[in-house]
Amino acid sequence: MSLVVENLSVHTRTGRTILKDCSWQVPTGGRLGIIGESGSGKSMSALAILGLLPEGMTASGSVRLDSEEILGLGKAQLRHIRGARIAMVFQEPLTALDPLMKVGRQIAGPLRLHTNLTKAHIQERVHELLTMVALDDTERIAASYPWQLSGGQRQRVALAMALACEPEVLIADEPTTALDATVQGEVLNLLSELVEKMGTTLVFVTHDLPVIAKVAEDLVVMRHGEIIECTTVAKGLHAPREEYTRQLVEAALSLSVRASDLGGCVSDLDVRALERDVQVSDPSARVSDLGVRGESEKAALHE
Ligand SMILES: Nc1ncnc2c1ncn2[C@@H]1O[C@H](COP(=O)(O)OP(=O)(O)O)[C@@H](O)[C@H]1O
Ligand SMILES: [Mg+2]
């Protein structure tokens, strides 16, 4: 299922422009990353697509699932689409999970709503889904409340719930930002594996360029509610067309010089950019060191 967003604009009741004429698309089974600094309009884009904008905000333009217009559909029609055909995972799984309901019942929710499965089959499917997101001891997890689980476990549960009805499109809004680095990597790998296996079209929103490099093939760069550049991840890193994209890449790079945390991106960038950056941010760092680390991390990335 392809997702096409055309001239999407969002305004507040008081006339403030939150999104201005945003256009981008993802082909069926494609993986799009939307990057931009905090406040650039990434979450509002996701919420507008899903018909979940905060009270008082209005959207205009077009959002099409294949050729079907979904922007402006009524609440009842949107309920049919959300969770069934387009699903979402958010930064904080607790916003998606009900604190007072056991996890198993919550994962069963979309199955009860959108399928004709019998009670017994739903139970079976819940355990299958928990196994799918690599949670052991599915009986215990299903019988737990969200607060009894770790952050990583909760995000796996949220992912199981999102994928329960095998949606055609998954919108993930900073799903790993709140997790610590190791868990973040695990959940990212899991998400990538699952959407690939299921052929799900992915829209992945983050402020974190290295994360995009891991999960997406196409790239949309946002700033101040507008689209700065639509490109591929490879081109965005190697040969950004826009000055702002170049600044994002260099900012990520300069962080990597300090924190050795850029994953495969370092080796994807040209040496001149590295030299320039090293001179700016850390006179003692050596470009050859970066090269070695970049290569080994690139290898790890392609394993
Ligand atoms: N509930 C709200 N009411 C009014 N403005 C909001 C609300 N939520 C977010 N905004 C504004 O919308 C803009 C885009 O925010 P958002 O999409 O959340 O950014 P991002 O997800 O890229 O960090 C920001 O300027 C933010 O201040
Ligand atoms: Mg956001």
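This report covers a helix, a ligand site, a histidine and an aromatic pair in a predicted model.

## Helix H1

Helix H1 spans residues 42-50. Of its 9 residues, 7 are buried, so the rest of the structure largely encloses the helix. The buried residues are Lys-42, Ser-45, Ala-46, Leu-47, Ala-48, Ile-49 and Leu-50.

Gly-51 follows H1. Its phi is positive, near 70°.

## The shell around ligand 1

H1 also matters for the next site. The largest share of the shell around ligand 1 comes from this helix, with 3 residues. The shell includes Lys-42, Ser-43 and Met-44. Sorted by class, the shell has 5 polar, 4 nonpolar and 3 charged residues.

A polar backbone atom of Met-44 is 2.9 Å from an oxygen atom of ligand 1. For Gly-41, the distance from a polar backbone atom to a ligand oxygen is 3.1 Å. For Ser-40, it is 3.2 Å. Taken alone, ligand 1 exposes 560 Å². The protein buries 63% of that area.

## His-127 in helix H5

His-127 sits in helix H5, which runs over residues 119-132. Its relative accessibility is 19%. Buried means under 20%, so His-127 counts as buried.

Which residues does His-127 touch, leaving aside its neighbours within four places in sequence? They are Thr-138, Glu-139 and Ala-142. With Thr-138, the side chain of His-127 makes a polar contact of 3.1 Å. Ala-142 is 15 residues away from His-127 in sequence. In space, their C-alpha atoms are 7.7 Å apart.

## The aromatic pair

A pair of aromatic rings is described by two things: the distance of the centres and the angle of the planes. The count here comes to 1 aromatic pair. The rings belong to Tyr-145 and Trp-147. Their centres are 6.1 Å apart, and their planes meet at 5°. Planes under 30 degrees apart count as stacked, so this pair is stacked.

Trp-147 is exposed, with a relative accessible area of 59%.

Definitions and conventions:
Residues numbered from 1 in each chain as written. Chains lettered and ligands numbered in written order. Predicted model: local features only at pLDDT ≥ 70, side-chain atom pairs only at ≥ 80, totals over all residues. Heavy atoms only, no water. Buried < 20%, exposed > 50% of the residue type's maximum accessible area, 1.4 Å probe, protein only. Helix = DSSP H or I, 4+ residues; strand = E, 2+ residues; numbered from the N terminus. Near = heavy atom within 4 Å. Polar contact = N/O pair within 3.5 Å; in protein donor to acceptor, adjacent residues only side chain to side chain. Areas by Shrake-Rupley, 256 points an atom, 1.4 Å probe, with all protein chains shown as cover. Nonpolar A, V, L, I, M, F, W, Y, C, P; charged D, E, K, R; others polar. Contact = heavy atoms within 4.5 Å. Phe/Tyr/Trp six-rings, centres within 6.5 Å; stacked < 30°, edge-to-face > 60°.
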